Amino acid sequence: MPRTLESQITLEKTPSYFVTQEAPRRIFNMSRDTKLIVVVRNPVTRAISDYTQTLSKKPDIPTFEGLSFRNRTLGQVDASWNAIRIGMYALHLQSWLRYFPLAQIHFVSGERLITDPAGEMGRVQDFLGIKRLITDKHFYFNKTKGFPCLKKTESSLLPRCLGKSKGRAHVQIDPEVIDQLREFYRPYNIKFYETVGQDFRWE
């Protein structure tokens with residue numbers, strides 16, 4: 001991590017931290033006062049998005065349905081497939097709670113980040129104990145991408161938006177497959193809601 005003054009906050013992000021077994025211990029050993037921010041979204045949507053991104057790079061991979069189930073007829077989901085496993089948030093959270101109290105972890109709703117980016121960012125700023133500087137005036141809705149982007153600032157000539165790999169249309173998935181995955185995730189979601197004290201309404 002870079003050197004940081006008392007008056008500064010240093011941020012670092014990597015999507016794989018939350019699901020990497022060694023990460024909680026290593027971060028705790030670096031600084032037990034670290035505040036953690038985790039962006040979560042409906043695990044079924046997240047898995048489809050994950051697959052869509054992989055498919056764009058490897059067009060010859062098996063179908064989403066083929067990768068999601070060990071036996072679809074029996075409804076046996078393949079939890080060893082990373083795209084499925086990542087969405088089992090309650091499971092991953094347990095590793096973090098061995099090292100960090102829940103008060104040091106803030107969960108951002110991926111859905112609300114799209115529908116109310118300023119509100120979600122306001123809660124992040126509150127969690128970090130800083131003044132609410134990022135507000136509605138900093139966002140505009142990008143129709144092409146289908147989500148909000150940052151408006152251009154005085155120091156930048158162009159607005160800031162996520163890269164080309166973000167915002168692409170998801171592959172079409174059989175509604176029955178989606179229902180089976182919702183059933184699979186339901187107990188994990190309920191456990192997650194109960195643990196963090198927040199209902200993300202993914203049903």
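This is a predicted model: local features need pLDDT of at least 70, side-chain atom pairs count only at pLDDT 80 or more; totals for chains, interfaces and linings use all residues.
Residues are numbered from 1 along each chain as its sequence is written, and side-chain values use heavy atoms, with hydrogens and water left out.

**Strands**
- Strand β4 spans residues 105–109, and five of its five residues are buried.
- Strands here are DSSP runs of E, at least two residues; helices are runs of H or I, at least four; both are numbered from the N terminus.
- Strand β1 (residues 36–40) runs parallel to β4, joined by five bridges; pairing needs at least two DSSP bridges.
- V39 stands opposite V108 in β4.
- In a regular strand, side chains alternate between the two faces of the sheet.

**Nonpolar cores**
- The largest nonpolar core has 18 residues (a core is a set of buried Ala, Val, Leu, Ile, Met, Phe, Trp, Tyr and Cys residues joined through side-chain atoms within 4.5 Å).
- Two or more residues each come from α1 (23–30), β1, α5 (89–97), β4 and α8 (175–196).
- Helix α5 gives the largest share, four residues.
- V40, L93, W96, I105, F107, F192 and F200 have the most contacts inside this core.
- Beyond its neighbours within four places in sequence, F192 is in contact with V40, Y89, A90, L93, F107, F200 and W202 (heavy atoms within 4.5 Å).

**Salt bridges**
- The whole structure has eight salt bridges (a side-chain nitrogen of Lys or Arg within 4 Å of a carboxyl oxygen of Asp or Glu).
- E120 meets R112 at 2.8 Å, N to O.
- E120 also forms a salt bridge with R123, the closest N and O atoms being 2.6 Å apart.
- R123 and E120 both lie in helix α7, three residues apart, about one turn of the helix.
- E120 counts as buried because its relative accessibility is 1%.
- R112, at 29% relative accessibility, is partly exposed, and R123, at 32%, is partly exposed.
- In helix α8, R186 and E183 are three residues apart; their salt bridge has its closest N and O atoms 2.2 Å apart.
- R72, D174 and E176 are linked in a network of salt bridges.

Terms used
Buried means under 20% relative accessible area, exposed over 50%, partly exposed in between (1.4 Å probe, protein chains only).
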